[in-house]
Amino acid sequence: MIAVRAWVFPGQGSQHPGMGEGLLDRFPAECATAERIIGVPPAQLCRDARGEYLGRTRYVQPAVFLVSVLAARAALADGRPPPEVVAGHSLGEYAALHLAGCLDFGSALSLVVRRGRLMESVTGGGMVAVLGLPLSRVTELLAEIPDVDLANHNLPDQFVMAGSTAGIRAVVDAVRRLGTGRCVPLAVSVPAHSRFMAGAAEAFAVALHDVTPGPPSIPVVSNVTGSPHVPGDIPGTLLRHFVEPVRWWDTMCLLARSGVTEPVEVGPGEVLTKMWRRAAGSLPAPAPGGPLAPVVPVPPSAPAAPPVTVPAAPVARGPAPGPPPATASRPRPAGSPGLRSDYGIRYACLAGSSPFGVTSPAFLRRLSESGLLGFFGTWGLALPEIRAALAELRDVRRYGMAWPSGGDERALCDLYLAHGVRHVEVTGPLAVVSPQLVRFRHGDGSRQVLVRAPDLATAVRFLRPADPATVRALAAAGHLDGGSAGAAAREAVATDVAVERDAHALVPALVALRDREAPGARIGVAGVGTPAAVAAAFALGADFVVTTTVNQCTAEAATSDAAKDLLAALDVTDVREAPDPDLFELGARSPVAHRGTLFAARAEELYRMFLRYDRLADVGPRRLAELERTHFGRPLDEVRADLGVAGRDDRRVLASVCAAYCRQATAAALRGTPGQRLNYRVPASTDVGAFNRLVAAEPLADWRARHAELVTERLLSEAN
């Protein structure tokens, strides 16, 4: 069977600033018409340099339509074979109708402008994607929640609900209670394709009175029916489009049965292409003859093509195609199945810890209830505080604990084993393979040890078995029996190693090392902040990913609102390396927020002072007085007294006082100390700024809506 050429056009959500670049200049006449109808020059609209347009429905819809139509014209002008069938997702259907000759350019654009304005006028609702549930369960949810409708059926397990704000919240809560499936709130305040749009549909009928669509010259699949548009019924179908769901899954099934192997997506983005590829294993096989008969296409410049006779049989006017057979294969989730099994999670993604308990019991509980897992941040906490956290986590099904190197590791290991902890995370530049960590890993059964490696040397150290002398000592002390001692001598100390820097170079190298020396260990990437970063990690060969500083900017994170406000305002360039409080004398640095605080500059100033002088007295009274005012907010004699070095003044005291500023700045940020905002030390990395950019026009732009599980779902939904 010869493959059928299909073009598909994306809808709202595919827009991005700068779209259409290099395209608009090719079609000056169409752009002049568009400026007259929209009221904004297309170049200004699509560039959106100041963020005025592409966050508003009334401008997004005509912008996406324009770019899609011009992209289609450019493709034809460049010699691409024309399509034999077209379809569009929601708004994209108007571009498809234009390409098929049903609507001339001006009429189609005028309808789109009117549609966008009417949809934007409907307020008080929203939309949420429901992923991982079958249609039968979604139907039950719809019956249980009265003010929510099905708005999109994109894949067998991917739906979009639209309704009131309370209804959307009820959907999220219901899916969370199920323990399967997940929800992703969409960055729209419009309950599109639902009964709530009835008033807008009535107003749109007035605009349709002035338009008489011509018959399609090639089949155009309708979102409403999942079958080709019927000439004469197009206006009524477009009205139903407002209040009835987008049947994209039925559309893809129809295209597949017609012999389409992969449609060409025309317009901004690749949403529909990715959807098709994800569904490819579940789509039905081509039917003999196909449900669509090939017809002669016409160029999109024709205002209304003459009628083309399409045999009655191929035009499906009855029920839309159903789902594929139950035996059809489904795409496998990205990442390591073994990791998902060992940690009991839905995604190959772990939420890394943040010091001082910022990744709190509430954070871990929220993740666990959604089938995910995170690590409690123990660095900087005393043993009683860790014990209290474990008591809070007593009824949490899945969680992990950070393993801070140094301190009383024997007591820590005893505590973790007594509480049945199964997973630990090792972080920091001083991470070592200690005897107690080996005991935790292998004693009384195997457990998971995740290492976040800042460099290659750390990763290699943990990808090797424990030192034989350590294994013998643990066995002699009764901590390892014969079987576990043998495993400790053969297997890598870490079950999972995630690199935190230079992933493009380190992941392939570590995968090769793992395959050669540590089979069974898994290699990951830590610090992901966008779906693209997740996809890049998996493309490099990573088995999993780890979220890190982005976790601090969630509703459940145990840091101050002021620190979260600061984190939520960061861009990717707003992070800087600054002296680390725990390794100040060694010149070690760690990334912190640079925007909204002067900590990085002030800490660097102290480090330069430490390099230059041997004692505080050498700094001079005027400069010390300024430091008391700007940095410490109190006399330095009090600082020295708190450090237990009152009356002393040597180089170690100078270093201790400087490091004390860094620790004080950390505490101020955690507590949100008034009057100290400019001194806040807030650990951050580029993943936070990247995530902020990603959700800038979504509900997750507000950190109060960034619940722990929603961050992971936003990052991983496109990869699974």
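Colleague: How much space lies in the largest cavity?
Modeller: The structure is a predicted model. The count comes to one cavity of 30 Å³ or more. The space in the largest cavity is about 110 Å³.

Colleague: Which elements give two or more residues to the lining of the largest cavity?
Modeller: The lining consists of 14 residues, and Arg176, Gly181, Arg182, Ser370 and Glu713 lie nearest the centre of the cavity. By class, the lining residues divide into four nonpolar, four polar and six charged. The elements that give two or more residues to this lining are α7 (165-178), β6 (182-185) and α28 (708-716).

Colleague: Which residues are linked with Arg176 in a network of salt bridges?
Modeller: A search of the whole structure finds 45 salt bridges. Arg176 is also among the residues nearest the centre of the largest cavity. In the network, Arg176 is linked with Arg169, Asp173, Arg366, Glu556 and Glu709.

Colleague: What is the distance between the end C-alpha atoms of helix α23?
Modeller: Helix α23 (residues 599-612) has 14 residues, and at 1.5 Å a residue it should therefore span 20 Å. The model agrees with this expectation, the end C-alpha atoms being 20 Å apart.

Colleague: Which elements are included in what covers the buried residues of α23?
Modeller: The buried residues of α23 include Phe599, Leu606, Tyr607 and Phe610, as well as the charged Arg602 and Glu604. Their cover includes β17 (575-579), β18 (589-593), α24 (621-632) and α26 (651-671).

Colleague: With which residue does glutamate 604 form a salt bridge?
Modeller: Glutamate 604 counts as buried because its relative accessibility is 14%, under the 20% limit. The closest N and O atoms of its salt bridge with arginine 589 are 2.6 Å apart. Glutamate 604 lies in helix α23 and its partner in strand β18, so the pair ties together parts 15 residues apart in sequence.

Colleague: How many residues apart are aspartate 580 and arginine 681?
Modeller: These two residues form a salt bridge, with the closest N and O atoms 4.0 Å apart. Aspartate 580 is buried, with a relative accessible area of 14%, and arginine 681 is buried, with 9%. Aspartate 580 lies in the loop between β17 and β18 and arginine 681 in the loop between α26 and α27 (686-694), a pair linking distant parts of the chain, 101 residues apart.

Colleague: Is phenylalanine 356 buried or partly exposed?
Modeller: Phenylalanine 356 has a positive phi of about 60° although it is not a glycine. This residue is found in the loop between β9 (349-351) and α13 (361-369). Because its relative accessibility is 37%, phenylalanine 356 counts as partly exposed.

Key. Residues are numbered from 1 along each chain as its sequence is written. This is a predicted model: local features need pLDDT of at least 70, side-chain atom pairs count only at pLDDT 80 or more; totals for chains, interfaces and linings use all residues. Side-chain values use heavy atoms; hydrogens and water are left out. On a 1 Å grid over the protein atoms alone, a cavity is a set of points where a 1.4 Å probe fits but cannot get out, and a pocket is an open set with protein on both sides within 12 Å along at least five of seven lines; lining residues have an atom within 4 Å of a point. Grid points are joined across faces, edges and corners, and a volume is the space filled by probe spheres set on the points. Helices (H or I, at least four residues) and strands (E, at least two) are DSSP runs, numbered from the N terminus. The expected span of a helix is 1.5 Å times one less than its number of residues. Buried means under 20% relative accessible area, exposed over 50%, partly exposed in between (1.4 Å probe, protein chains only). Contact means heavy atoms within 4.5 Å. A salt bridge is a side-chain nitrogen of Lys or Arg within 4 Å of a carboxyl oxygen of Asp or Glu.
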